[in-house]
There are 4 protein chains.
Amino acid sequence: MLSFASDYIAGAHPDVIRRLTETNLENLSGYGTDPYCESARQKIREACGCPDAEVYFLVGGTQTNQVVISTMLAPYEGVIAAKTGHVSTHEAGAIEYTGHKVLELDGVNGKLTAEAVAEYMKIFTADGNQEHMVYPGMVYLSFPTEYGTLYSKAELTAIAKVCRQYEIPLYLDGARLGYGLMSAQNDLTLQDIAGLCDAFYIGGTKVGALCGEAVVFPGNAAPKHFMTQIKQHGALLAKGRLLGIQFDTLFSNDLYWKISEHAIRMAEKLKELFREKGYAFFMESPTNQQFLILENAKMQELAEHVEFSFWETYDDTHTVVRFATSWSTTEEDIRLLGSFL
Amino acid sequence: MLSFASDYIAGAHPDVIRRLTETNLENLSGYGTDPYCESARQKIREACGCPDAEVYFLVGGTQTNQVVISTMLAPYEGVIAAKTGHVSTHEAGAIEYTGHKVLELDGVNGKLTAEAVAEYMKIFTADGNQEHMVYPGMVYLSFPTEYGTLYSKAELTAIAKVCRQYEIPLYLDGARLGYGLMSAQNDLTLQDIAGLCDAFYIGGTKVGALCGEAVVFPGNAAPKHFMTQIKQHGALLAKGRLLGIQFDTLFSNDLYWKISEHAIRMAEKLKELFREKGYAFFMESPTNQQFLILENAKMQELAEHVEFSFWETYDDTHTVVRFATSWSTTEEDIRLLGSFL
Amino acid sequence: MLSFASDYIAGAHPDVIRRLTETNLENLSGYGTDPYCESARQKIREACGCPDAEVYFLVGGTQTNQVVISTMLAPYEGVIAAKTGHVSTHEAGAIEYTGHKVLELDGVNGKLTAEAVAEYMKIFTADGNQEHMVYPGMVYLSFPTEYGTLYSKAELTAIAKVCRQYEIPLYLDGARLGYGLMSAQNDLTLQDIAGLCDAFYIGGTKVGALCGEAVVFPGNAAPKHFMTQIKQHGALLAKGRLLGIQFDTLFSNDLYWKISEHAIRMAEKLKELFREKGYAFFMESPTNQQFLILENAKMQELAEHVEFSFWETYDDTHTVVRFATSWSTTEEDIRLLGSFL
Amino acid sequence: MLSFASDYIAGAHPDVIRRLTETNLENLSGYGTDPYCESARQKIREACGCPDAEVYFLVGGTQTNQVVISTMLAPYEGVIAAKTGHVSTHEAGAIEYTGHKVLELDGVNGKLTAEAVAEYMKIFTADGNQEHMVYPGMVYLSFPTEYGTLYSKAELTAIAKVCRQYEIPLYLDGARLGYGLMSAQNDLTLQDIAGLCDAFYIGGTKVGALCGEAVVFPGNAAPKHFMTQIKQHGALLAKGRLLGIQFDTLFSNDLYWKISEHAIRMAEKLKELFREKGYAFFMESPTNQQFLILENAKMQELAEHVEFSFWETYDDTHTVVRFATSWSTTEEDIRLLGSFL
């Protein structure tokens with residue numbers, strides 16, 4: 001069935017699966033110590049423009065957020081996030097499970113603002129009863145956000161500046177990083193992100209891999225005994241090759257960028273299609289997730305032909321739904337979708 | 001290089017990687033809801049002789065132990081394990097990280113005894129100050145153990161009986177389950193294990209898969225909201241297909257059993273080789289891990305030609321090392337090893 | 001110095017300290033098993049109209065919230081609280097430290113509304129992706145609230161009804177319970193609270209004791225192995241007598257109610273004083289905490305003669321401050337305060 | 001009834017309760033910021049010979065162990081303790097509850113040895129798979145131990161030396177510190193302990209106070225944001241005066257030492273009594289806890305007249321029991337006990 005249900009409906013990019021097959025019977029050491037992992041790390045360092053960055057591979061997004069946030073925070077600290085952030089709402093309390101509060105700030109279009117962060121931090125430098133409060137020890141944001149929106153270079157720089165002023169790390173969740181960087185509206189580069197953030201991850205699961213996220217510490221300041229902490233979280237993959245080979249392939253011949261660009265191109269065509277047919281958008285998104293307001297009867301009719309995601313109730317007769325494109329979306333998929341609108 | 005370093009040096013069994021490739025571009029739903037996961041669950045239920053068993057797929061062994069143990073225990077309970085158990089020593093404190101104590105009992109050849117468990121449980125039914133102690137709420141054991149040894153049917157039945165008497169679950173870590181069940185010394189069947197244990201997992205990572213462990217709750221009594229708890233632990237794989245397709249393949253045409261049997265046959269040949277050449281065994285192991293006592297100079301000489309694992313210092317001039325076979329070990333590997341002994 | 005800084009500036013009510021002295025050299029058993037604890041439990045059961053209630057004594061308020069909430073929730077559940085609730089803001093993340101999320105809802109005058117709770121719960125009965133969200137497993141509220149406001153009988157009943165509909169417990173933080181129940185505006189009784197809540201605590205620290213909070217489970221449904229879980233949290237007092245004797249005294253001869261009523265009488269006089277002198281109130285509070293808006297210069301002048309608490313910045317030239325009365329406030333204190341206004 | 005059941009059967013030393021009464025109606029600030037706390041801290045610093053030491057007051061022993069250990073360890077570290085240590089066996093898993101493993105080493109007479117600690121630490125400096133193990137980040141011991149035994153100055157110095165070699169802190173649980181230091185067999189001073197340990201606590205609950213333990217960081221190196229972390233653990237007492245006044249009294253006029261010495265004198269008389277009457281000792285203890293082997297019939301007879309504690313079963317016809325003296329034991333108690341032997 002035609003599906004725009006999410007950006008992880010297909011397996012891996014064919015080049016990735018081919019490389020897994022080709023290397024399958026090689027004898028390799030475990031836990032990320034094999035040469036494919038090392039090669040992938042080196043390519044990622046180069047792409048980030050950070051020759052000294054530490055790079056680690058983890059399996060999934062929530063796992064990555066949990067491991068990175070809980071190991072970078074002091075035990076008495078919490079992490080600032082937008083109220084609509086993934087860690088705030090859709091990770092089943094994975095951050096709190098590790099003992100840390102998610103300090104939720106109101107955002108704008110899914111984004112934190114430098115002003116709101118600065119105002120919140122200011123509480124902890126004034127006199128008062130902050131000793132009884134959770135200290136904000138980190139800022140979390142995602143690029144793109146849950147709503148597909150993007151931080152501009154100016155916005156991210158402003159937030160990074162607040163973080164530096166208060167000496168707390170800035171962490172960027174890049175589950176869909178490729179789709180953000182390849183958007184026509186984007187003015188940030190991977191090197192910019194590496195320069196502004198203390199930690200971030202390059203998402204593989206949603207961008208061409210079967211699984212896998214590459215965590216980058218550009219300043220070479222991974223948490224102490226990080227491998228042990230990954231193991232302690234149950235997050236250390238025995239056959240690290242599975243992650244190394246996939247990222248090595250994605251970061252060869254610009255594959256990661258090419259397939260991201262393709263997804264964005266498909267998203268633009270999809271937007272155009274909906275716009276032409278007079279559909280209403282819930283929010284303007286410049287990336288691969290598109291949020292539409294559908295009349296309920298139309299929604300049910302459409303659901304017989306194509307898969308998409310329920311997002312939220314709009315009003316008594318309308319619903320917000322999400323259509324996602326990805327590296328695996330084809331021109332034919334878009335054409336077919338058009339025939340049902 | 002010739003390697004007996006571990007049982008996870010190769011990728012996946014060729015049939016597994018082939019199926020991943022063949023299904024790669026199918027659009028499938030996430031988080032284990034796809035038809036391959038369902039088919040794999042059904043085949044595993046049949047193999048276990050438990051038509052109602054609940055089956056879940058997780059990515060790795062420590063993760064599985066962490067998720068299962070922490071969700072089956074009450075918050076004030078700990079888990080009984082052998083002092084040499086994997087959860088006691090080599091999981092970086094993953095169980096304690098979730099707030100639970102591992103109650104370590106002395107074992108015999110890496111195995112818990114029913115007597116020791118019964119004696120320990122008895123403390124908590126007598127009068128005294130048990131209110132200030134961690135209640136033993138579960139028994140953990142692995143089959144085979146860390147030392148490659150096996151519980152006999154009589155031994156496992158005796159432990160299960162103690163667990164039932166005290167109404168605590170018995171959980172079996174089957175990271176190498178295939179290699180245990182296919183051993184010539186083994187008198188247990190998968191159905192026996194399903195009948196005696198409240199939870200267990202069938203290891204994929206070490207037995208033919210790129211990653212993945214299949215958790216089975218034979219009595220259909222998985223912890224409440226188990227999917228949410230898996231997510232909360234950062235352990236929910238977005239593309240569940242990666243696990244479902246692998247286990248579906250492994251449990252088709254007896255593949256899991258055939259490749260396990262092959263590993264055991266290779267282990268027997270390897271044992272014979274060492275025995276013929278007069279090497280001393282540290283412990284008698286009937287499964288795929290063999291522990292040898294090497295004279296240090298010989299060990300270094302051998303290390304130039306073949307990879308194996310350091311296990312522990314034996315005395316000033318000898319070392320205990322481990323040689324592991326697996327589904328990927330070839331007759332040629334064994335022959336070559338012989339040429340270096 | 002004259003002080004309205006908080007409701008815990010004095011030691012214990014003189015009757016309490018006298019009883020501690022009189023019983024001081026008696027040999028008593030520990031951990032709450034002594035006859036004074038039993039007597040206090042019995043008196044509290046009678047005051048609540050719950051002959052079968054389970055009553056436990058803990059040392060402090062945050063400790064009590066932490067122990068009760070973390071032991072009543074399932075591991076995957078969070079607790080609903082007002083955004084301004086004590087557990088949300090001023091307990092240094094004590095709830096999250098135990099692995100549970102505080103699900104913060106917007107309140108009205110510091111109070112949760114039944115509507116908001118019902119609307120939130122409804123999300124978890126609809127279709128959707130709730131499996132990736134923290135399940136709301138309990139409602140927390142305080143009486144009085146952080147702002148000194150009170151739930152009416154109708155309001156508390158409505159919230160209790162929602163809790164019963166969704167089968168989740170209602171927990172009431174009664175750190176200042178006496179000051180709430182003795183307010184002229186209050187229409188709830190202790191028996192009402194015992195009938196509507198699944199757990200609550202009667203605050204001692206702020207109402208006549210040196211320390212101590214009495215946790216009541218009216219339905220006789222304390223968490224399993226509760227003593228062990230208290231110990232596990234580091235919250236079990238060796239000399240339980242210290243808590244038992246205090247609560248036994250407070251619940252003899254209506255002492256708890258008389259001293260609470262006195263504090264309310266003092267609060268009413270204090271309000272009148274401020275009102276007469278033309279001061280502005282930040283919020284109408286019917287209990288022992290009064291929130292005033294002071295012009296900054298006036299605030300500094302007043303601070304030379306009397307202690308009060310900074311609450312929050314109002315605007316560039318005004319500040320919100322809190323004046324608290326308690327059982328230890330005297331008529332002379334009020335008179336003196338008047339002389340400085 | 002005559003009681004040697006524990007060393008916390010009485011209230012507080014009469015001087016302590018008198019001072020609580022005298023200061024009862026003074027208006028004091030909370031959370032340890034009052035002048036009595038400051039005075040007590042100063043007296044403790046002087047007694048320790050550490051003018052810069054940081055001193056904090058907590059309520060109970062398990063709480064103190066939990067707070068100190070969990071805040072001094074890195075998240076991936078565990079604490080070394082004797083298998084019979086209080087944190088290993090009788091704190092209901094309070095350390096594991098905070099996510100840390102107690103690394104249990106076999107002890108001798110309840111004591112850790114420097115050799116065993118050194119041998120264990122050595123594992124983590126050798127090559128191998130320590131990345132998958134819990135790093136030992138602290139040594140815990142108690143003085144006296146659970147069996148009333150004492151570390152000599154040479155023994156404690158040797159352990160401290162190992163800790164310094166591996167740069168991990170040494171923490172001493174002094175729940176019964178006074179009874180240890182006043183023993184005739186002891187050759188350590190409080191200043192020695194302050195010089196050798198990185199953290200320790202002076203027990204109040206068992207030595208003259210209603211409750212309270214004074215934590216000392218001699219090197220002025222308390223964990224960062226320690227007050228907030230205490231609050232986060234639910235361990236911050238609102239009326240800190242309760243702890244400050246008690247310790248201020250105990251450390252005035254050598255009260256703490258005089259009452260400790262008294263308890264030891266009573267213990268010596270009790271030992272003599274049992275020895276004269278031909279009773280067998282389970283273990284030679286130089287402090288206030290005495291362990292006797294009683295014939296079961298005799299034990300039951302004795303229990304009609306005097307309270308003591310069950311310790312463990314010795315054989316089919318004998319039981320190990322504990323008799324504890326304390327500051328509140330009288331000569332008359334000893335005489336009476338003699339009449340029943």
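**Stop 1: chains C and D.** Select chain C and chain D of this predicted model. Chain C is superposed on chain D by a rotation of 180 degrees, with 0.0 Å of shift along its axis and an RMSD of 0.0 Å. The two copies are therefore related as by a two-fold rotation axis. In general, a rotation about an axis and a shift along it relate two copies of a chain. The same surface serves both copies here, since 98% of the contact residues of chain C recur in chain D.

**Stop 2: the contact between them.** Now select the residues of each chain that touch the other. Chain C gives 46 residues to this contact and chain D gives 45 residues. Between them, chain C and chain D bury about 3800 Å², and 57% of that area is on carbon and sulfur atoms.

How many salt bridges are counted between chain C and chain D? The count is zero. Polar contacts are another matter: 25 residue pairs are in polar contact between chain C and chain D, with both residues at pLDDT 80 or more.

**Stop 3: the side of chain C.** Hide chain D and colour the helices of chain C. Several helices each supply at least two residues of the side that touches chain D:

- helix 1 (14–22) of chain C
- helix 3 (61–72) of chain C
- helix 5 (94–97) of chain C
- helix 10 (226–232) of chain C
- helix 11 (241–250) of chain C

Next, colour this side by residue class. The side of chain C that touches chain D has 22 nonpolar residues, 19 polar residues and five charged residues.

**Stop 4: chains D and A.** A rotation of 180 degrees superposes chain D on chain A, with 0.0 Å of shift along its axis and an RMSD of 0.0 Å. To find this axis from chain D, select D:P75: its C-alpha is the one in chain D nearest the axis, at 4.0 Å from it. For this pair, too, the same surface serves both copies, as 100% of the contact residues of chain D recur in chain A.

**Stop 5: a serine in chain B.** Finally, select B:S6. This residue lies in the loop between strand 1 (2–3) and helix 1 (14–22) of chain B. Is B:S6 buried or exposed? The relative accessible area of B:S6 is 8%, under the 20% cut-off, so B:S6 is buried.

Show what surrounds it. Leaving aside residues up to four places away in sequence, B:S6 touches B:R322 and B:A324. Then select B:Y8, whose backbone nitrogen lies 3.1 Å from a polar atom of the side chain of B:S6.

Note on methods. Residues numbered from 1 in each chain as written. Chains lettered and ligands numbered in written order. Predicted model: local features only at pLDDT ≥ 70, side-chain atom pairs only at ≥ 80, totals over all residues. Heavy atoms only, no water. Least-squares fit on C-alpha atoms with pLDDT ≥ 70 in both. Contact = heavy atoms within 4.5 Å. Buried area = accessible area lost by both parts, 1.4 Å probe. Salt bridge = Lys/Arg side-chain N within 4 Å of Asp/Glu carboxyl O. Polar contact = N/O pair within 3.5 Å; in protein donor to acceptor, adjacent residues only side chain to side chain. Helix = DSSP H or I, 4+ residues; strand = E, 2+ residues; numbered from the N terminus. Nonpolar A, V, L, I, M, F, W, Y, C, P; charged D, E, K, R; others polar. Buried < 20%, exposed > 50% of the residue type's maximum accessible area, 1.4 Å probe, protein only.
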